[in-house]
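This briefing sets out selected features of the structure shown here, grouped by topic. Please read it alongside the sequence and the coordinates.

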Amino acid sequence: MQRYIIVFEILFIEDNPHKRHRITDYLTSRLHEIRIEEAHSFTSGCQKIETYVYSLIIADISLPTYDKHGTESGGRFRPFAGREIGRKITRMKSKAKILFITQYESFSDKGNSYSFNDLYELLKNECGENFIGMIFYDSSKYSWKDNIISIIQKNLK
Amino acid sequence: MDSIFFKQVCIPEIIDFLSCFKSSDELLAERVQVLDFLLEMNAITPTERMQEVEDIISLIVIDSGTSEINGPKIFVDSAAIKRKVIEEIRGLTSVYTSSNISKDSNKITIFDEPLELDHEGERHAYAYASGGKNALLLKIWRIVLDAFLFDEKNGLDKNLSAEIRHGFFSNLMRARLEERYLITELDESGKYKPNEYWKNQTIFLVDEVWQKIEQALSQFSGEINNLITEAEGWMRIKGIRIESINGIDINLAIENLLLLGAFVEKSKSAESIIDYIIGMLWEIVDTEISKVRDRLNVDFKRGLEAAFYNLESRINDAKKEAPLVEMMATIRKVRSDIQEDVTTASQWFYRTNNTDIKPKPIDYAIKIAVNAFERVTSLISPVDLYIDQNIREKTLQPNAVKPFINAIINLLDNSFRHSGLGRNTTIQLHSFISNNLVNLTIRNNLSLLRSSTLTEEDINAMNAKIASTESISLLRVEGGSGIVKAYMNIIESSPRSQLIFKIKDSFFYAEVYYSV
């Protein structure tokens, strides 16, 4: 009997190369049934979401508007780009799950401050069924690894 | 209704939410098209349009410069290193390949001088295969290594010092903290100065509480400074000349020495031997600078988080029931934003081939101007640019660069605006040296109508206008036209320069005679 392997397509939107490589390397070493595509900014992430259906979107909370390269400095920095992406996905009625990942414990923009927990609740409410979690990434600790694997395994079945 | 939509909604800060623009350039070019449309609708005046286009162009110029400053910085001029050591290496290579030297490569010599530290920082004796040839091999290595690392003009240490360590890193790390008054400076006695800003913002606090908060802010200043000093140590070269724990460690492993020996036996050419060693060195540097990136992204960020955590905890303990909303919000904001600055600094630790951080050479300034102009216009053909080789030897003083760029942009914009051909305008920019002056000639075609109505008298009037003190004073009061602005920019950049307009065979010419 022929066996089929289901490959889950993941879009990982992250501008920090160090964080991106560490997370991608870890995920691909642990989960063999995934394929990860990368985007490095809010806009390139949105363009990919609009043209392809992903099983899961992993998005950093804060991103530049455009991919940085050459003389492109990335445009406006968006402290809540991940939230904007979450809203787009919800409005598109996409079935893609979204997992937020950040290395900040607090967030501020235009006079509003949010703790990690405040933002967690906000994103959970705004993204509804698309939301599967928000992870605090600390490259010096191991906990993010357990968290990300357990959330992905639980939701990509 | 339409004009409100185009004026106030179709602005870059709002339309950058749309994913149809792939870059900042496309976004800003769209805004310029919106402005042209608003001008056609008479919803804005030509002056308003020009003002915003100038702002956009300035933004692009600054943005390009910022990208360069924030981009990779690690650079060693390999060609200059090669020129410096070639004669010495040639001599040593000649001796090496002569038959008189011992091939006693099995002999082992323990060097007096340790060449590297292991990962724990312990010294180890290093044993290398010795003999006449191996001693020469090490000497060759050492000469190239020394120039590569410590050449005063072109070496890695100079690069790290001038581009990163001296000011750049610490300024970037301190900028947000100083802007929000979270850190203060040390006074002559080695104590942190009182934090007057937050004292004035929190005058309602009783003295005892404020004392504790000020103490917390002082401790925070100290912790930040220590972190920066430690991180700057990671950006130093350690080993042969400087001891710096966790610094950049450039040394020759024994297997590399063996590889080098095999290469020299085979190659026998001083040039290729130097290239080979520089290639080896870059491999080591690449590994080492990736460690610096990791340390900044992991250790330094962790240190910052701990410092902010300590600050918030100490202030919370001190303030008790007092809300201190503004201060706590400021701390949280800076805590979040500074992480991006660390990411930016870590991106400096990649190799670059470009060290022209500041656009000082005149040809570079011309290219920036043309590039910035092209980005915001929708010309069907790009500007045809010809730069004579000799121009590249001429440089602009730092304060002359910006007005020079603005002058060219204004002249290019004038060609585009007044040709009567719109997007079909073709523009050539030729630059060359003549009578020790830099000559820039900007030429554009004209529509039949424009060509037939633009007379010699008009051109003479234009030349008279820019020469008159009346138009200069008008410019100072009102901003002036594009050509007068261009002229003002030119004389601001170099007072003895001239701008002359001509018309010939249905082409319009703007000629700049620029005195460097």
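Arg76(A) and Asp16(B) form a salt bridge in which the closest N and O atoms are 2.9 Å apart, a salt bridge being a side-chain nitrogen of Lys or Arg within 4 Å of a carboxyl oxygen of Asp or Glu. This is a predicted model, in which local features need pLDDT of at least 70 and side-chain atom pairs count only at pLDDT 80 or more, whereas totals for chains, interfaces and linings use all residues. Residues are numbered from 1 along each chain as its sequence is written, chains are lettered from A in the order in which they are written, and side-chain values use heavy atoms, with hydrogens and water left out.

**Interface between chains A and B**

- Between chain B and chain A the count is two salt bridges, and 30 residues of chain B are in contact (heavy atoms within 4.5 Å) with 33 residues of chain A.
- About 2700 Å² is buried between the two chains, with carbon and sulfur atoms giving 44% of that area; buried area here is the accessible area (1.4 Å probe) that two parts lose on being put together, summed over both.

**Chain B overall**

- Chain B contains 19 helices and nine strands, which are DSSP runs numbered from the N terminus (helices H or I, at least four residues; strands E, at least two).
- Of its 516 residues, 49% count as buried, meaning under 20% relative accessible area with a 1.4 Å probe and protein chains only.

**The five-stranded sheet of chain B**

- An open sheet with mixed pairing has the strand order S5-S6-S7-S9-S8 in chain B, where two strands pair if DSSP finds at least two bridges between them.
- Strand S5 (384-387) and strand S8 (498-504) of chain B are the edge strands, each pairing on one side only.
- Strand S7 (residues 437-445) and strand S9 (residues 507-514) of chain B pair in the antiparallel sense over eight bridges, and Asn439(B) stands opposite Tyr513(B) in S9(B).

**Strand S1 of chain A**

- In strand S1 (residues 8-13) of chain A, six of its six residues are buried; Phe8(A), Ile10(A) and Phe12(A) point one way, while Glu9(A), Leu11(A) and Ile13(A) point the other way.
- In a regular strand the side chains alternate between the two faces of the sheet.
- S1(A) pairs with strand S2 (residues 34-39) of chain A in the parallel sense over six bridges, and the bridge partner of Ile10(A) in S2(A) is Ile36(A).

How values were computed
Buried < 20%, exposed > 50% of the residue type's maximum accessible area, 1.4 Å probe, protein only.
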